[in-house]
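Work through the exercises below with the model in view, trying each task before reading its solution.

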Amino acid sequence: MRMLPDNYEQYVDQLVKEAEGVEGHLSIREMRFLSLLAAYPTAPGSILEIGSFKGRSTIILAKASKFAGDSAVYAVDPLTSPSATDPDLGGALSAKADFESNLSIHGVTDRVRFHRMTSQELAPLWSSKIRLLWIDGDHTYGGTKADFDLFHPWLEDGAIIALHDVLNIFDGPIRVFSEDILGSPHFVRVGLCGSIGWGQYSRAPQKTFSIDSTRRLLQKRILKLRNMMNLRPQKGISHFRYKFLRWQIPHELISPKEWIAGLAQSSVEQYRGSGA
Ligand SMILES: C[S@@+](CC[C@H](N)C(=O)[O-])C[C@H]1O[C@@H](n2cnc3c(N)ncnc32)[C@H](O)[C@@H]1O
């Protein structure tokens, strides 16, 4: 099994510090985890980011994917906050100027193939296999579900799909993660880090006892949280219950070594074996 180079952790420490200076909503542990997904390819294919905002995650993906030997990452965003769940642009009409300047300051402009449009507009133009699909765009259920439906057919065997804000207040990511990823025998490894829910795709469905019980347990706990989320409890006993249910869902930072060891080895080895 390939491991990351010795200087990887040091590089990520620095990368996270740099990315913290870019306005965005990814926490430190989420940035570390996203770096790992970009740095360690589990399948051949491209990285596609849906939802760039001012470039925090774009910079992480563009930089960390150098470890994987990728020459570029793809990103799509109209940069106009078209959805009710988008971050506030503080009166500005577009995040374009900040996005471009952040990419330039961090020296990754040439490493990002950017499509300024919605993911739905990109879908009919898209024709590449994907090794990492990072969904952080329209967080409504319709928007997140459309992203999953339109792009998951492009996942390579062994690829990773990751959604942001699964444990946040939005309807889309939690429902798509629970129903379409945890509910599918094609996602053979699943987990959460912070509010990022991820799954490793397998072309052949797998239904072993251990995979099924992990998926089912997570699904059960997430469903309880989803039911509470509709109430959006801000205080009192319901608030503590909400916090408790959220805490029951494992979402701590995983070490790169542990994460790599937990991947579906058959697909990783196959990919490595193909000389890719
Ligand atoms: C939460 S922000 C993304 C944050 C970003 N990943 C980061 O690390 O800072 C959501 C972004 O999704 C974009 N967006 C909303 N609907 C979209 C769609 N249908 N396709 C692509 N991007 C979309 C918004 O313009 C907004 O910039």
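**Exercise 1. Find which helices each supply at least two residues of the shell around the ligand.**

Solution. Helix 3 (56–64) and helix 5 (119–122) each supply at least two such residues, where helices (H or I, at least four residues) and strands (E, at least two) are DSSP runs numbered from the N terminus. The structure is a predicted model, in which local features need pLDDT of at least 70, side-chain atom pairs count only at pLDDT 80 or more, and totals for chains, interfaces and linings use all residues. Residues are numbered from 1 along each chain as its sequence is written.

**Exercise 2. Decide whether the residues of strand 1 (residues 46–50) are buried or exposed.**

Solution. Begin with the definition: a residue is buried if 20 or more other C-beta atoms, placed from the backbone, lie within 10 Å of its own, exposed if 12 or fewer, and partly exposed in between. Five of the five residues of strand 1 are buried, so this strand is largely enclosed by the rest of the structure. Taking the faces in turn, S46, L48 and I50 lie on one side, I47 and E49 on the other.

**Exercise 3. Trace which strands pair with strand 1.**

Solution. Strands pair if DSSP finds at least two bridges between them. Strand 1 runs parallel to strand 4 (residues 130–135), joined by five bridges, and S46 has I130 as its bridge partner there. Strand 1 also pairs with strand 2 in the parallel sense, over three bridges, with V76 of strand 2 as the partner of I50. In strand 3, the bridge partner of V76 is H115.
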